[in-house]
Amino acid sequence: MFAGIAHNLTIYLAMSTVFFVFGLFTILTRRNAVGVFMGVELVLNAAAINFVAFYALKADSAQSSPWLDGQIFSLFIIVLAAIEAAVALAIVLRVFGAKKNIDPDQVMELRG
Amino acid sequence: MSFLDFFVVFCFLGGVVCSAVVALHPNILYAAVALIGSLLAVAGVYASLGADFLAAAQLIIYVGGVIVVILFAVMMSESIYKRRFLDGVKKMFLPTILSIALMLGMFKLLVSTNWGELRIPNYENTTIRIGQALTGPYALIFEYVAIVLLFGLIGAIVVARPNILKKDQDGGNS
Amino acid sequence: MSLAEFLSGLNDFIPPNVPFFVFSIAAAVIVILGFAMPIGGICTYIERKVAADFQERIGPNRVGPFGILQFFADGIKMFLKEDTATKNADMFIYNLAPGLVTAGALGAFAAIPFSKYVIGADLDIGIFYVMALASLVSLGILLGAWSSENKWSLLGGMRGAAQIVSYEIPLGIALLSVVVVSGQMSMIKIVDGQAWLGSGSFWYIFHNPFLFLNFFVYFVAALAECNRTPFDLPEAESELVSGFNTEFSGMRFGLYALAEFADVIMFACVAAAIFLGGWHLPFVNIENIHLGWSLAGKSLDPLIQTLFMILIFLGKASVIVFVVMWLRWTLPRLRVDQLMDLCWKYLIPIAFFNLVGASLWVWIFKGQSMIELISGMMGAG
C-alpha cells in the first residue's frame, strides 16, 4: 500500500504541513518563551523540508539551475536557526533572571 | 514497498507524533525531547531525498547544538519545568480552530494536486555541488550569513553575561 | 554512496517475507550483541590489565586463563543486577538516555573503513556522518543526568554537554583540514589517498607540518569528546560521586560504559583512517601482494589482503587506544575552567591556523606532500 511512496511528493508535503500547523499552534498557545521558540523551530523545519522536496521534484530537469538551490536554502535556514537559538535563549535567560518568569505575555515593560 | 518507502513512512509517523507532543505536552522538558525526535525525522527525510550533507548538518547543528542549548535553558531556569505551561482551555479555543482549518485546507490542496514523480535516484555527491554553489553564485549570501552569525554570537554573549555594567558600581565583587 | 542509495540498497539485503521493522530491530540487536558487547568487554579487560601494569598489580587473573573471561562474568553480573532507579526519576527519559548514547557511539561505526572491502556503508559524507552521530552522545549524557534527580548527576551532565559541544569545534576543524588536503569526505577514498604508490604519497599526518600539528589537536579533542582522563570531568569521582551515571545500575549503566568504550575505539579508528593511513603501510602496497594461493580454483589473494588490511588497521587503532589508557593512569584531571581555556583559547585558534596553513599548502604546492617535495628536490639536485 505504501509502494513508491518515497518517490512521490505527497508524503513530504504532508509532513511539512503537519510540522507547520503544529508549530503555529505551539507559538500561539505556549505561555513560555522556550516553548514558543520550539514552535518557531518546527515552522522553520517545515519550510526547509519543502525547499528540499520541491528541489528534488525539479532536480536535473531542464527547468532547474545547476546549483542545489533548495538544499542551499535549507542550509541557510539551519544556520540562521542556530543564530536564533543563541540570541533567543540568551534573552530568555536574562528575562528569567530579572522576572523569574518567561511568559511572553507578561514581559511588556517596553510596551509604549 | 521498498526499504526506502518504509524509512520515509517511519520518519513521517515519527515526525507527526513527535511534533504533536511538542505542541501538546504540558511538560516543557518532554516537549524538548520530542523536538529531538522531530528534528531527527526531518534529517531522515533529507537523507531519503538525496540531501546527505543537509541531513548530517541537521544532526550536527540542530540536534548537537540547538537542542543542547534549549535543554540548558530549560534546566537553568529551574522552576519552569515544574509548571504547566499551556494556555487555559478558554484561550486555546481560537488557535485550535485556526490550526484545524489550516491543516484541512492545506491537505485538501495537497491531495487535489498532481505533483508528479520525484527525481531522487540520481545518487550523487551533493557536497561538491553545495561547496561550488556556496563559493559561486551564493558567495555573497554565504558571507552575509557568516557576518550575521558573528554578530549574533557577540550579541548573545553580551546579553547573557551577568551584570556586566553593575560590576563597576559595587567594586567588582559581583 | 549517498544515504538514499544506501537505504534503497538495503532492499537486496533483506530476506523476503521479513517485515522491515523486524529486520531493523534484529540488525540493531545483532550489532549490539555481536559487535559492541565483545569489543566493549575485551576493552574493559585490557584496560584493567593495562591499569594493573601501570600500578604494578596483577589485575584480573581468576576467571579463565589470564583472567580473560573476566569480561564475560562482568557482563553476566550486569545483566542480572537489580535494575534500580531513584524515586523521582523521570522514567521515560531515564530509559531513553542510555539508548541515545549507545546509538550515537555505535551508529558511527557504520562508516569506519576496517579494510577496503569491509565497511558498513562507504558514504560520500563519511567523516561528516561520523561527527554527526557522535554529537548524539552529549544529548544522552545531559538527559540521563537530568532524569536521575540527583544534583551530582546534573552537575556532571551539564559539564559533559558543555565539554562535548565545545570540543566538537576543534575536532571538526582538525578533520576538515584533512578533507581540504584530500578533497574527499568518503572514508575509503581518504584512506586510498594515503597509499604508498612509489611517488611519495604517504600518511596524511606526514603530508605537511600543519596536518602533523592537527593530529594532536584531533587527539586532544577526541579525548575530551569521549570523556576520558584528563578530561573526565563529567564523571569526576573525587567531586561528583560518579557524575552523570551515578544513579544508573544494571544494564543501563552497562550501556553507558559500553558507549564510552565504543566512543574511544571509534575515535581511535577515525584517527587511524584519517591521519595514519588506514590499512596502508610505508614502502609496500598491500594490494600488490600476491601469494598465488588458491582454493577450489579461486584465488585467495583478496581474502588474504583483506585480512592483512584489517590487522594493520586494528593494530594502528589499538596503539591509539593504548595511548588513551596510558594517559588515563598518568595525568591528573583538569579543572573546569582549565578545560574551557584549553578548548577556546588554545585548541580552536591552533586548529584554525592549521586549517588555513593546510589550505595554503595545497594551493602553493599543488597538493604535493612534504616527502614528494623533498624527493623532487633531491631528484633535481
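## The interface of chain C and chain B

Across the interface of chain C and chain B in this predicted model, the rule finds zero salt bridges, a salt bridge being a side-chain nitrogen of Lys or Arg within 4 Å of a carboxyl oxygen of Asp or Glu. The count of residue pairs in polar contact between these two chains, with both residues at pLDDT 80 or more, is also zero; a polar contact is a pair of N or O atoms within 3.5 Å, where within protein one must be able to donate a hydrogen and the other to accept it, and where residues adjacent in sequence count only if both atoms are side-chain atoms. On the side of chain C that touches chain B, helix 6 of chain C gives the largest share, with six residues, and the residues of that side divide into 28 nonpolar, six polar and three charged. In this division Ala, Val, Leu, Ile, Met, Phe, Trp, Tyr, Cys and Pro count as nonpolar, Asp, Glu, Lys and Arg as charged, and the others, Gly among them, as polar. Helices (H or I, at least four residues) and strands (E, at least two) are DSSP runs, numbered from the N terminus.

The contact, meaning heavy atoms within 4.5 Å, takes 37 residues from chain C and 32 residues from chain B. The size of an interface is often given as the accessible area lost when the parts come together. Here the buried area, which is the accessible area (1.4 Å probe) that two parts lose on being put together, summed over both, is about 3,200 Å², and carbon and sulfur atoms give 80% of it. In chain C, the residues L7(C), F20(C) and W146(C) lose the most area to chain B, together 18% of what that side buries.

## The interface of chain B and chain A

Between chain B and chain A, 92 residues of chain B are in contact with 77 residues of chain A, and the two chains bury about 7,600 Å² between them, 76% of it on carbon and sulfur atoms.

## Two domains within chain C

The domain assignment of chain C, with bounds that come from an automatic or database assignment, gives domain 1 (1–80) and domain 2 (82–380). Their centres, taken over C-alpha atoms, are separated by 18 Å. Domain 1 and domain 2 of chain C bury about 2,000 Å² between them, 80% of it on carbon and sulfur atoms, and M1(C), E47(C) and M78(C) supply 30% of the area that domain 1 buries against domain 2, more than any other three residues. The count between these domains is two salt bridges, and the side chains of E47(C) and R328(C) meet in a salt bridge (3.3 Å, N to O).

## A buried residue and the conventions

N354(C) lies in helix 13 (residues 336–364) of chain C. With a relative accessible area of 0%, N354(C) is buried, where buried means under 20% relative accessible area, exposed over 50%, and partly exposed in between (1.4 Å probe, protein chains only). Not counting residues up to four places away in sequence, N354(C) touches F210(C), L213(C) and N214(C).

Residues are numbered from 1 along each chain as its sequence is written, while chains are lettered from A and ligands numbered from 1 in the order in which they are written. Local features need pLDDT of at least 70, side-chain atom pairs count only at pLDDT 80 or more, and totals for chains, interfaces and linings use all residues, while side-chain values use heavy atoms, with hydrogens and water left out.
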